[in-house]
Every structure is written in structure tokens, then in C-alpha cells.
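Visitor: Hello! I am new here and would like a short tour of what is on display.
Guide: Welcome, let us take a look together.

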Amino acid sequence: ALLQAHFPASSKDLLAARHRLAFDEIFLLQIGVLQQKRLWQNRSARQFQTPEGWVEQLCASLPFPLTGAQLRALADVQKDLSSGHPMNRLLQGDVGSGKTVIAALAIAIIAQSGSQSAIMAPTSILADQHYRTMLRLLAEPTPGQGEPPLQPATIRLLVGDTPEAEKVEIRQGLADGSIRLLIGTHALIEDPVNFADLQFAVVDEQHRFGVEQRALLRQKGDNPHLLVM
């Protein structure tokens with residue numbers, strides 16, 4: 001194929017050679033992806049299960065009903081969280097389709113067991129939007145539904161412009177476990193940001209982050225579940 005690609009005997013042989021070399025490239029790429037998937041699936045992760053009816057009650061406290069697609073995505077996420085293997089799931093949808101509420105419900109499941117979650121967004125503006133949304137969805141009491149999954153003080157925002165004194169306070173809260181959800185930009189993966197028990201990581205607009213950046217976020221915990229959007 002290499003010989004015919006450079007010195008083709010005919011246009012037909014050139015086309016065949018290009019197909020053969022293209023096949024090699026995609027074949028090796030697919031083997032690499034499958035190998036990574038197998039290595040990932042062979043790892044163990046903490047199992048997160050909820051009491052009977054708990055998630056349904058949580059969904060009922062939302063200011064809107066979930067769509068069929070959201071319910072299916074939530075069921076997949078719950079299955080991953082209870083599997084004993086680290087989640088590595090892509091949640092895809094148009095802007096405004098309701099991806100964030102699925103992430104919020106998963107964060108509530110993690111928080112219910114006393115563990116920590118993180119959301120990494122590419123810009124400070126988007127991180128701030130997530131922060132406000134998570135406060136509304138997870139920390140505001142709903143009449144007749146009891147206590148919300150999280151308290152406002154347990155949800156924090158960390159971006160480059162965060163004052164140094166507040167950064168110190170956030171680092172301490174992460175280390176002692178009092179902060180259950182940290183939302184931020186690349187600042188999340190910088191040292192000395194250390195979590196006491198990071199079990200769930202969300203990467204929003206994942207195409208704007210590199211593989212190494214996502215890996216650095218995972219390394220903040222012990223085989224945490226990963227959801228990319």
C-alpha cells in the first residue's frame with residue numbers, strides 16, 4: 001500500500017492504497033479506545049445507592065417536570081453510580097435541553113452519602129451560571145418537601161478572580177469535607193486544591209478542555225465518577 005500510494009500503477013491501485021492506509025489508522029485508533037475503555041471498566045469505584053423513592057421525591061421538588069429523555073439519562077446515571085465501576089459518561093444535548101439538572105441530581109445522590117462533587121467549566125461566566133443554578137436546584141427549600149439536599153454554605157465557586165482570602169477558606173473547606181460541591185474553572189485542577197473525598201466530577205463543554213486537564217480533575221479523587229457534557 002505504501003508503494004502504491006507513492007508510485008501507483010494505476011488510479012485504481014492508488015485509491016485502494018489510500019483505503020488500506022486509512023483502515024490501518026482507524027483500526028489502531030479503535031483498538032486504543034477499546035483498550036482504554038477496558039482499563040477504565042476494570043477499575044473499582046464507590047457505589048452510590050439511594051433509599052426507595054428518594055430520587056423520585058427529589059425530582060418532584062424540582063420547579064419543572066423532567067422530560068422522557070431526561071428520565072432516561074437520569075436512569076443511566078443512577079445505574080453507573082451504583083455499578084461499582086467509575087462512570088465515564090457523555091451527556092449530549094442542545095443548549096437549554098436540561099443537561100445541568102441531570103448533573104445536579106447526580107450531585108445530590110453523591111452528597112446524600114456525604115461525599116464531594118466538582119463541576120469544571122471553561123469560563124468564569126459559565127462557572128458562575130452553574131453556581132447560581134446549583135444553589136437554586138439543590139439548596140433552596142421547597143414547601144412540603146423537607147430539607148434540600150445541600151445547604152448554600154456547602155456549595156462554593158472558585159475562579160481565577162476569587163479573592164485570596166476566600167480561596168484559602170475554600171481550600172480548608174474542601175480538605176475538611178464541609179464543602180460538598182465546588183464549581184469553577186481551570187482553578188479547580190491547580191494546586192493546592194485538595195478534596196477530602198471527591199467522588200463525582202462534571203466537565204461542562206468538555207470539548208474546550210484537553211485530555212490532560214480532565215485527567216488532572218479525576219486525579220483529585222480516587223477513581224471518581226466522571227460525567228462530561
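Visitor: How many helices and strands does the chain have?
Guide: Please keep in mind that this is a predicted model. From the N terminus on, the elements run α-α-α-α-β-α-β-α-β-α-β-β-α-β. Counting up by type, the chain has eight helices and six strands.

Visitor: What share of the residues of the chain counts as buried?
Guide: A residue is called buried when its relative accessible area is under 20%. The C-alpha trace spans about 80 × 40 × 35 Å along its principal axes. Of the 229 residues in the chain, the share that counts as buried is 40%.

Visitor: At roughly what angle do the axes of helix α4 and helix α5 cross?
Guide: Two packed helices are described by the distance between their axes and the angle between them. Here α4 covers residues 68-81 and α5 covers residues 99-112, and their axes come within 10 Å. The crossing of α4 past α5 is right-handed. The angle is roughly 30 degrees.

Visitor: How many nonpolar residues does the contact of α4 with α5 have?
Guide: On the α4 side, the contact is made by Gln 70, Ala 73, Leu 74, Val 77, Gln 78 and Leu 81. From α5 come Val 101, Ile 102, Leu 105, Ala 106, Ile 109 and Ile 110. Sorted by class, the contact has no charged residues, two polar ones, and the nonpolar count is ten.

Visitor: Which strands do the buried residues of α8 pack against?
Guide: Helix α8 spans residues 211-218, and its buried residues are Arg 214, Ala 215 and Leu 217. Seen down the helix axis, they fall within an arc of 160 degrees, so they line one face of α8. The strands they pack against are β2 (116-120), β5 and β6 (225-228).

Visitor: Is Asp 197 buried, partly exposed or exposed?
Guide: Asp 197 sits in the loop between β4 (181-184) and β5 (198-203). Buried requires under 20% relative accessible area and exposed requires over 50%. Because the relative accessibility of Asp 197 is 22%, the residue counts as partly exposed.

Visitor: Which residue joins its side chain to that of Asp 197 in a polar contact of 2.9 Å?
Guide: Setting aside neighbours within four places in sequence, Asp 197 is in contact with Arg 46, Ser 115 and Gln 116. The side-chain partner in the polar contact of 2.9 Å is Arg 46.

Visitor: What percentage of contacts between residues at least 6 apart in sequence join residues at least 24 apart?
Guide: These contacts are counted in the chain by separation along the sequence. The percentage joining residues at least 24 apart is 72%.

Definitions and conventions: Residues are numbered from 1 along each chain as its sequence is written. This is a predicted model: local features need pLDDT of at least 70, side-chain atom pairs count only at pLDDT 80 or more; totals for chains, interfaces and linings use all residues. Side-chain values use heavy atoms; hydrogens and water are left out. Helices (H or I, at least four residues) and strands (E, at least two) are DSSP runs, numbered from the N terminus. Buried means under 20% relative accessible area, exposed over 50%, partly exposed in between (1.4 Å probe, protein chains only). Contact means heavy atoms within 4.5 Å. A polar contact is a pair of N or O atoms within 3.5 Å; within protein, one must be able to donate a hydrogen and the other to accept it, and residues adjacent in sequence count only if both atoms are side-chain atoms. The arc is that of the directions from the helix axis to the C-beta atoms. Axes are lines fitted to C-alpha atoms, for helices over the stretch in contact, and angles run from 0 to 180 degrees between N-to-C directions. A crossing is left-handed if the near helix is turned anticlockwise from the far one by less than a right angle, and right-handed if clockwise. Ala, Val, Leu, Ile, Met, Phe, Trp, Tyr, Cys and Pro count as nonpolar, Asp, Glu, Lys and Arg as charged, and the others, Gly among them, as polar.
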